[in-house]
Structures are given as C-alpha cells and as structure tokens.
Amino acid sequence: MQKVISAIVADIGKVLLGKEHQVKLALASLLARGHLLIEDLPGMGKTTLAHALAQVLGLSYKRVQFTSDMLPADILGVSIFERESGQFRFHEGPVFSQLLLADEINRSSPKTQSALLEAMEERQVSVDGETRPLPEPFFVIATQNPLQQSGTFVLPESQLDRFLMRISLGYPTREAERALFQGVDPRAQLAQLKPRINSEGLKKLQSLVGQVKASESLLDYLERLVQHSRHSPECAVGLSPRGALALLHAARAWALIHNRGHLLPEDLQAVLPAVAGHRLQTDGGDGTQLVERMMHQVDIIAA
C-alpha cells in the first residue's frame, strides 16, 4: 500500500507543483474519513487539487459553483411531478457523488451552506421527509476565498467544525513557477491522470488508519495540547472532544502516509495547524497563530 500512496502523491505533484506538504495533508484528510476546506486566493490551484484527488483515487466527482442565489435544492436534489406516472420523482442533486467539490462555498448564503451539514456529518440527506444515503465513500472538498473579498459570507462555526482540515496552498516557489512557465499546462496533465486505486482499495487504506497505534505517552501529549487550547487566556474557544478526535485521526493518517504503524509527536505537530486553526477562536479571529505558539509552549514530555 505504501507504493500506492507514494504514487498518488507523485501523480498529484505533477499538476500541483511544489506543494507536496499540502497534497499529503489533503490525502490524510480523506484517509481519515474527513472533509477538507481549502482557503486561498483565486487561481492558486484549489480546484485543481480537488479534481486531481478524485482522478487518482478513482472517485465519482461533481463540482458545484456556489453563488449568492443558490438554493439548498440545487445541491440536494428536488422532487418533480411526472404527469405520465402521476407521481413525484426525486432527482438527485450533485451531493450524490463520492467526492463533491463545493467551489467558493462562502459565496452562498448560510441557508445554502447548511444544506451540507447533515450530508457531511451523517453521510445522508433528508428531503421530502425521506432519508437517502449518500455514496460510500463520501467526501466534501470546499474552497473559499478570503473574507475581505466582496460577495463572501462567513462560514458559521458549526459548518467549519464539519471540516477535518483547513489548508491553504499559497504562492508557488520561484522554481515551481518557472517549471510551470516552461512545462505543459497542468490542466492538460490533469486529464491524463489515471486512477491509482478504486473505492474498495481506498476503504482498505482508511481501515489501516485506525490500526496505527498511539502510545500512552503520545495520548498524554495530545491531552496536554487539548487542555492548553481550552485554558489558554489567548483562546476564547478551545478544542472540543470532536476536535480532539479529529486531531488524533488526522495524525494517524499522516503516520500511515509516511509508512509508520505508530504515532510520533511529529505526526500531531504536522497536522495540528490544519486541524485546529479553524476550530480555535481568539479575540483577533481564528487560532492559526495560536496553534504555532501551542507547539512551542506545550512540552512533548511531561515535566
């Protein structure tokens, strides 16, 4: 399986140059059965990353461009009356796919954003009094533009908490951008990506994540990080139990990607900014900077 994981990362790296760390974080999010939020400026490769993941993981893929006039039915689906049969027939929305790209999710109203809450948490949707299961596996990758840009809405805390990780791609390095100028258009290479795994293989990888062992000392370190977030005077809202479990699951997936069957403190530190940054709240906004300080203030080994 390690060869498959390495091939997946390498293939995505062909279309998203110089972003191996972010690619591994995104893959870890999916292996941990979580959803992914990508926040960055337009044109940084957010959509490319989502499409590349769907291609190499062999997942059915649908993209929805969120706009201010979008309604929940545009995502979930709608029942339409058919005159021939004299009955209503439900027409599935784009949410009925294995990987849903919610592009620029913060350009839609909170009402439309909330349509995804049940889907992301329960892997099902309720429409017209009937509950319908979603395909398995099911992932949401959402992109959002910075809030200072016009026409954006703030994602509520309940929506943010449904995302296992939030990452940013950032500008490419000079070397990566020069290679981009001199090479083939990444969008053309994207169309050439072949699946490295199928749904059953992906489920097997996900089951291996749960088998990564965590020692008592490692869990003690995790607990100290969580307690620090809850009691730090800098932090208005600390990590919830769900956030703490998200950190553990993501760290296990990160360890698996690096071919380890046990957790190291470095695994927790590698995923901590992506898992905790959007969950912690400070007087100045989210807790991205607080997370960086946490890693320096919390001892790996108890005093």
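This is a predicted model: local features need pLDDT of at least 70, side-chain atom pairs count only at pLDDT 80 or more; totals for chains, interfaces and linings use all residues.

Student: Why is phenylalanine 81 called partly exposed?

Tutor: Its relative accessible area is 46%.

Student: How many aromatic pairs turn up in the whole structure?

Tutor: A search finds two. One of them joins phenylalanine 81 and phenylalanine 88.

Student: Why is the pair of phenylalanine 81 and phenylalanine 88 called edge-to-face?

Tutor: Ring centres have to lie within 6.5 Å to pair, and planes over 60 degrees apart count as edge-to-face. Here the centres are 5.3 Å apart and the planes stand at 65°, so the pair is edge-to-face.

Student: What about phenylalanine 90 and phenylalanine 96?

Tutor: Those two also make an edge-to-face pair, with 6.0 Å from centre to centre and 70° between the planes.

Student: How do you know whether phenylalanine 90 and phenylalanine 96 are buried or exposed?

Tutor: Look at the relative accessibility: phenylalanine 90 has 15% and phenylalanine 96 has 9%. Buried means under 20%, so phenylalanine 90 counts as buried, and so does phenylalanine 96.

Student: On to the sheet. What is the strand order?

Tutor: Five strands form an open sheet in the order 2-5-8-1-9, with parallel pairing.

Student: What makes strand 2 and strand 9 edge strands?

Tutor: Each has a single partner strand, so one side of strand 2 and one side of strand 9 (163-167) is left without a neighbour in the sheet. From one strand to the next, the twist averages 15°.

Student: How do you know that strand 5 and strand 8 pair?

Tutor: Pairing takes at least two bridges. Four bridges join strand 5 (residues 99-103) to strand 8 (residues 139-144), so the two are paired, running parallel. Leucine 101 stands opposite isoleucine 141 in strand 8.

Student: Last one: what lines the largest pocket?

Tutor: Its lining has 27 residues, with Leu16, Gly43, Met44, Gly45 and Thr48 nearest the centre. The lining divides into eleven nonpolar, eight polar and eight charged residues, and the pocket's volume is about 610 Å³.

Terms used
Residues are numbered from 1 along each chain as its sequence is written. Side-chain values use heavy atoms; hydrogens and water are left out. On a 1 Å grid over the protein atoms alone, a cavity is a set of points where a 1.4 Å probe fits but cannot get out, and a pocket is an open set with protein on both sides within 12 Å along at least five of seven lines; lining residues have an atom within 4 Å of a point. Grid points are joined across faces, edges and corners, and a volume is the space filled by probe spheres set on the points. Ala, Val, Leu, Ile, Met, Phe, Trp, Tyr, Cys and Pro count as nonpolar, Asp, Glu, Lys and Arg as charged, and the others, Gly among them, as polar. Axes are lines fitted to C-alpha atoms, for helices over the stretch in contact, and angles run from 0 to 180 degrees between N-to-C directions. Rings of Phe, Tyr and Trp (its six-membered ring) pair if their centres lie within 6.5 Å; planes under 30 degrees apart count as stacked, over 60 as edge-to-face and the rest as tilted. Buried means under 20% relative accessible area, exposed over 50%, partly exposed in between (1.4 Å probe, protein chains only).
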